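Hi,

Here is the structure I promised to send over. Please have a look at it first, and then read on for what I found.

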Amino acid sequence: MTTPDTSSDNPLLPPWASLAPVEYAYPFEETHDLRSGPDLHPHLLGLLPYVGVWRGRGQGGYPTLEGEDFHFAQELRISHDGRPFLFYESRAWIIDEEAKPIRPAGREIGWWRPVVVNDRVTDDVEALMTSPTGIMEMYLGKTKGTTQMELVTDLVVRTSTSKEVTAGHRLFGIVEGALLYAYDMAAEGLPLTPHLSARLLRVAG
């Protein structure tokens, strides 16, 4: 085995390369369950009902997509680590009318953060949503009580190979214990047009 060259004349090694290695996993807990893990940051109390793992089904479609509208299942995890933001992770898969899986579908990760002014939480929210298809959306929005949130894109960033998505509008709500949402998208030269909607039930948290 070759011993790594830690001499100062090796430009590939930073000066701290000889310090003790980190031999443990990430030590701070993140949780979707308000009964365990770190305390929810006080700034997140208005978003508390969304924390958890949600699973359900929905329907999607778009004028530029080939074929008819499609059915999908989705699992959404909204968690926190004690700091004043929520982590959002979504996985979806195409299903038939009997809910049998056909193939993987959209994935997203993101963060929701309430806007704080002079150490007081407002009803404004900032959100980032990123997909593996090369699209990142920055949303600005408002909450209405603790059961409704509306987000509108302030900026959409795309890679050169992504679809031409130019705007988005998302509405989330807690209705009779379920998480409902609708997503309108402007893409491929079309204005904001209904794209996805789903009803998700809490399965953990």
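A word on exposure before anything else: a residue is called buried under 20% relative accessible area, exposed over 50%, and partly exposed in between, using a 1.4 Å probe and protein chains only. By that scale R107, at 45% relative accessibility, is partly exposed.

Please keep in mind that this is a predicted model, in which local features need pLDDT of at least 70 and side-chain atom pairs count only at pLDDT 80 or more, while totals for chains, interfaces and linings use all residues. Residues are numbered from 1 along each chain as its sequence is written, and side-chain values use heavy atoms, with hydrogens and water left out.

**The overall picture**

The protein chain contains 10 strands and zero helices, where strands (E, at least two residues) and helices (H or I, at least four) are DSSP runs numbered from the N terminus. Read from that end, the order of elements is β-β-β-β-β-β-β-β-β-β. Along the principal axes, the C-alpha atoms fill a box of roughly 65 × 40 × 35 Å.

The protein chain has 205 residues, and 35% of them count as buried. Its exposed surface comes to about 12,900 Å², with 56% supplied by carbon and sulfur atoms; such areas come from the Shrake-Rupley method with a 1.4 Å probe, and for residues only the protein chains shown count as cover. A contact means heavy atoms within 4.5 Å. Of the contacts between residues at least 6 apart in sequence, 42% join residues at least 24 apart.

**Charges and salt bridges**

There are 18 positive and 28 negative side chains in the protein chain, and the centres of the two sets lie 5 Å apart. Lys and Arg count as positive and Asp and Glu as negative, with His and the chain ends not counted. Each charge is placed at NZ of Lys, CZ of Arg, CG of Asp or CD of Glu.

How many salt bridges does the structure hold? It holds 11, a salt bridge being a side-chain nitrogen of Lys or Arg within 4 Å of a carboxyl oxygen of Asp or Glu. These are the ones I would show you:

- D33 and R35 form a salt bridge at 3.0 Å, N to O. D33 is buried at 18% relative accessible area, whereas R35 is exposed at 69%.
- R107 and E89 form a salt bridge at 3.6 Å, N to O. Because R107 lies in strand β4 (residues 101–117) and E89 in strand β3 (residues 86–95), the pair ties together parts that are 18 residues apart in sequence. E89 is partly exposed, with a relative accessible area of 25%.
- D124 and K142 form a salt bridge at 2.5 Å, N to O. This pair links distant parts of the chain, with D124 in strand β5 (residues 120–131) and K142 in strand β6 (residues 135–144), 18 residues apart. D124 is partly exposed at 26% relative accessibility, and K142 is partly exposed at 45%.
- R55, E75 and R91 are linked in a network of salt bridges.

**Two loop residues with positive phi**

N118, in the loop between β4 and β5, has a phi near 55°, a positive value in a residue other than glycine. N118 is exposed, at 74% relative accessibility. E188, in the loop between β9 (178–187) and β10 (193–204), is not a glycine either and has a positive phi of about 50°. E188 is partly exposed, at 39% relative accessibility.

**A look at M149**

Is M149 buried or exposed? At 0% relative accessibility, M149 is buried, and its place is in strand β7 (residues 148–158). Leaving aside residues up to four places away in sequence, M149 touches L47, Y50, W112, V125, K142, T143, R170, L171 and F172. K142 is also the salt-bridge partner of D124. From M149 to D96 the C-alpha distance is 30 Å, and the two are 53 residues apart in sequence.

Best wishes
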